[in-house]
Amino acid sequence: MNKKRVLSVLAAITVLVIAVTALVACDHYKWNSVGAGDSSAAVVSNGGYYVEQGKYVYFINGYVGDGAANEWGTPYKQSIMRAEKNADGSVNNDTATVVVPKSIYNTSVNGGFAVFGEWIYYATPNSDKDKSGTASTTNTDFMRTRTDGAITQKIATINTRTSEYLFTPTRVLYRTDTSTVYYIDFSGMPTNRSVNNGKDAVHGTLISNATSIAWGYDVQWNPQAGAVASDYIFFTESLTGDDSYKFYNNLCAIKYDGTDKRVLATYNSYFGEGDSEESTPDKVYNFTVQKVAFNADDTATLYYTKKINSTTNADKGLYSNVFSLKDGFSATAEKQVSATAVTTFYPLGGDKGVFATQNSAVYYVNGNTNFSEQSKVIGADKKATVLYVEEVSDGVYVYYKDSTGTALYRIKVALAADGKVTALKNEETVVATGVKTDWLNPEFCGGAFYYFDTEDYNYVHRVNLSAFDGNSDKGTLIGKMTEEDAKAKEEAEKNKA
């Protein structure tokens, strides 16, 4: 073999070694594929710890909290599992398998994960070590994994584990206070390989000078739906520059991708002919966005409180107003839900009113009989927090927790247009003990209740509400325990016997 041939062979081998080394170096997230998901199907219940997509369910397999081992491939408890649904909507545990072997955690009670198309989006503690070898205890990684588990990408790292965040089909939005919303746009990232450094993700600011913000997920997200109301973030914007001294602010909306910013209401939105800031100061408002409820793909109900620039009677109450993709938003179409500026309430959407808390009791409030005995739903002794409202043919079931937060109750009532409440069924205890409510809220999906059971090693349990007969029910475990927890449970049951 001549010298040139030898050099060519060596060069080829060198290139091959470099290529293989680079491939291995990039493959931080090697994981066996669990098979294709159902990426074209609608997604139900994004933003918590249980999500349905077509014939599959995705859920956080148990609760550990912060500080758990989080090297890729190590977590089992608090990882994301995928399983198939049975024909009756229950979970087929025999098919449950880990699809995201990372610990899913953020301290925000509004965190959770989301599924859009063929990707699962989640927040996970970053434990990278600094130059001194000390692992981070404060950073969070935003990541996504394909629904078959074959490709995983780190989108970005932020230096907090307490931020509020929202996943969208092309961006992660997050905030650490009520004035600024930041974005990380991952639409330019490759989709055919794993990425560990957030390459091609773009960072920026979506909203600044905000004084209140409301966002959320569709109850059901359909990939074929196109633009939907939940694409929008609602906020109030303080004045800057020469107008910064003025009392009023702007009520606004903006699409998550930064387009279509709208001023929904401002200083003159309630003026009639001849009105002005000087002549009618009681029509100039300072808004605070409280909540948003997404009623359908094309509409959202915005809840906000208003104040006027006055030293007396400044609070003007709680209002609801429907934002429509087609018709927009009309300030004068608002409805006063309550003359009192309540901030703790469960929204019913549209013009249906709210379940509002006052002096520890819960009332049905819809602009008429406010906070009277006739409108009381749950007495003050429970110190109840409403978690979910289910409409049925003759009324509504109201699901709630009490001050201890370890049980789930429900009552059935009929709601009249004048605000009066008629009891149809007395309080029932759905789950007597063990409901974890100090992290992500329990899930209500497809006629079932999902919760972390603190008395069963903090794994997710499912209660079939459609078949609930009034007797307390712990439900059934979904997912799979670690070997350690399974052995401990078996030993405990032996000792109990």
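Start by selecting strand E1 (residues 43-44) and strand E2 (residues 50-53), which pair in the antiparallel sense over two bridges. Strands here, labelled E, are DSSP runs of at least two residues, numbered from the N terminus, and two of them pair if DSSP finds at least two bridges between them. Zoom in on Val43, and you will find Gln53 of E2 standing opposite.

Before you go on, note that this is a predicted model, in which local features need pLDDT of at least 70 and side-chain atom pairs count only at pLDDT 80 or more, while totals for chains, interfaces and linings use all residues. Residues are numbered from 1 along each chain as its sequence is written, and side-chain values use heavy atoms, with hydrogens and water left out.

**The sheet around E1 and E2**

Now widen the selection to the open sheet of six strands, which run in the order E5-E4-E3-E2-E1-E15 with antiparallel pairing. Which strands are at the edges? They are strand E5 (91-100) and strand E15 (220-221), each of which pairs on one side only. As background, strands of a sheet pair through backbone hydrogen bonds, either parallel or antiparallel.

**Into the core**

Next, select Phe142 and Ile155, the residues with the most contacts inside the largest nonpolar core, which has 83 residues. A nonpolar core is a set of buried Ala, Val, Leu, Ile, Met, Phe, Trp, Tyr and Cys residues joined through side-chain atoms within 4.5 Å. Buried means under 20% relative accessible area, exposed means over 50%, and partly exposed is in between, with a 1.4 Å probe and protein chains only. Another core, of 22 residues, lies apart from the largest one; among its members are Tyr270, Val289, Ile308 and Ala331.

Show the neighbours of Ile155: not counting residues up to four places away in sequence, its contacts (heavy atoms within 4.5 Å) include Tyr121, Phe142, Val172 and Met189.

**Aromatic rings**

How many aromatic pairs does the structure hold? There are 37. Rings of Phe, Tyr and Trp (its six-membered ring) pair if their centres lie within 6.5 Å; planes under 30 degrees apart count as stacked, over 60 as edge-to-face and the rest as tilted.

For an edge-to-face pair, move to Tyr363 and Phe371, which are 5.3 Å centre to centre with 80 degrees between the planes. Tyr363 is buried at 9% relative accessible area, and Phe371 is buried at 15%.

A charge sits over a ring if NZ of Lys or CZ of Arg is within 6 Å of the ring centre and within 35 degrees of the ring normal. Arg171 lies over the face of Tyr183, 3.7 Å from the ring centre. At Tyr409, look for the charged end of Lys382, over the ring and 3.7 Å from its centre.

Select Asn250 in strand E17 (residues 250-255). Is Asn250 buried or exposed? It is buried, with a relative accessible area of 11%. Its side chain joins that of Thr266 through a polar contact of 2.6 Å. Such a contact is a pair of N or O atoms within 3.5 Å; within protein, one must be able to donate a hydrogen and the other to accept it, and residues adjacent in sequence count only if both atoms are side-chain atoms.

Then go to Thr211 in strand E14 (residues 210-214), which counts as partly exposed at 38% relative accessibility. The side chains of Thr211 and Thr236 make a polar contact (2.5 Å). Thr178 is 33 residues from Thr211 in sequence, yet 5.8 Å away in space, C-alpha to C-alpha.

Finish with strand E19 (residues 285-296) and strand E20 (residues 299-308), an antiparallel pair over ten bridges. They form a hairpin with two residues between them, and Phe294 has Ala300 as its bridge partner in E20.

From E20, step across eight antiparallel bridges to E21, where Leu318 stands opposite Thr305. Seven of the ten residues of strand E21 (residues 315-324) are buried, so this strand is largely enclosed by the rest of the structure. E21 also pairs with strand E22 (residues 335-338), antiparallel over three bridges, and Leu318 stands opposite Ser338 there.

Note on methods
Helices (H or I, at least four residues) and strands (E, at least two) are DSSP runs, numbered from the N terminus.
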